[in-house]
Protein chains: 2
Amino acid sequence: MNIAIDYQSRVPIYEQIVLEIEKQVALNILKPNEQIPAIRELAVNLGINPNTVKKAYDTLEQRKVIISKSTKGTFITDNVDEVKRIMVDKIIDDIKKNIQELENIGINKEDIIKKLKVSE
Amino acid sequence: MNIAIDYQSRVPIYEQIVLEIEKQVALNILKPNEQIPAIRELAVNLGINPNTVKKAYDTLEQRKVIISKSTKGTFITDNVDEVKRIMVDKIIDDIKKNIQELENIGINKEDIIKKLKVSE
DNA sequence: CTCCTTGCACTATTTGTTATAGTACAATTA
DNA sequence: TAATTGTACTATAACAAATAGTGCAAGGAG
């Protein structure tokens, strides 16, 4: 499990872990039903406190990205498609909001497309 | 000056003020050289501490959105276009990043456009 | 000149969240 | 039996945000 923690970031460590694991699920780096590191193990790997990892795992379980099985370990959900769908919807929504903001400022769709095409 | 503060948000109050004023500049609600409320006045209006408003104004001045004139008051910059340009560039950059993320997940440009067109 | 308002500067304290430290339990596995 | 798993809990530390409070210098209005 490869996770880079940015200690300068305003995003809490536990949330960085959440976002990174969600991302790796969406990118098929983490597969359905795959086991992920034990709380204590990941804590050691990242050099942080187990409670912080626990908080991340709790959040991920609430979002149905992972499933914790007592004494067995923690596993990626078997319904990875749903996780992806939610992520994609969120990103699409973000883009729509950004486009709306640009239009509010007075930039029309053609100009937006023009600006996007440069260096894309 | 109409600013709504969300106390539930993780974004600090001073930053909410910064973002809202920048937005109102971009939307031409706040005009070039226009005077904005005194620190103490806005603090009373929003029901917050003057130091919090001061921090917001300091940030805005650093970003060249406003100019503070001792004993005179605080004013919107005369170069509003530059503020707009920076905001637009930032939003465009956000959109690009989001598109890249979608492509990484495996969604091609045509699908992205299709998803964007629904309800837009 | 006096009073009020302005931005500015500073210290101290409070508050809430994040992160750490530490301990313990139940259940499964080797 | 020993080790590992997730779970649960309390206490503490660390940090940023926000508040509280005081005071200064300078300009404008009366």
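Begin with the composition of the largest pocket in this predicted model: its lining holds ten nonpolar, three polar and twelve charged residues. The volume of this largest pocket is about 960 Å³. To centre the view on it, select A:Glu101, B:Glu15, B:Leu19, B:Glu22 and B:Lys90, which are the closest to the pocket centre among the 25 lining residues.

Next, colour the helices that contribute to this lining. In chain A, select helix H4 (80–105); in chain B, select helix H1 (13–26) and helix H4 (80–105). Each of these three helices supplies at least two residues of the lining of the largest pocket.

Now turn to the second largest pocket, with a volume of about 750 Å³. Which residues lie nearest its centre? Select A:Leu19, A:Glu22, A:Met87, A:Lys90 and A:Asp94, which hold that position among the 16 residues of the lining. Two or more lining residues come from each of helix H1 (13–26) and H4 of chain A, and from H4 of chain B. H4(A) gives the largest share, with six residues.

Keep this second pocket in view and colour its lining by class: six residues are nonpolar, one is polar and nine are charged.

Finally, colour chain A by domain, selecting domain 1 (13–79) and domain 2 (82–116). Each of these two domains provides at least three residues to the lining of the second largest pocket.

Notes: Residues numbered from 1 in each chain as written. Chains lettered and ligands numbered in written order. Predicted model: local features only at pLDDT ≥ 70, side-chain atom pairs only at ≥ 80, totals over all residues. Heavy atoms only, no water. 1 Å grid on protein atoms, 1.4 Å probe; cavity = no way out; pocket = protein on both sides within 12 Å on 5 of 7 lines; lining within 4 Å. Points joined across faces, edges and corners; volume = space filled by probe spheres on them. Helix = DSSP H or I, 4+ residues; strand = E, 2+ residues; numbered from the N terminus. Nonpolar A, V, L, I, M, F, W, Y, C, P; charged D, E, K, R; others polar. Domains from an automatic or database assignment.
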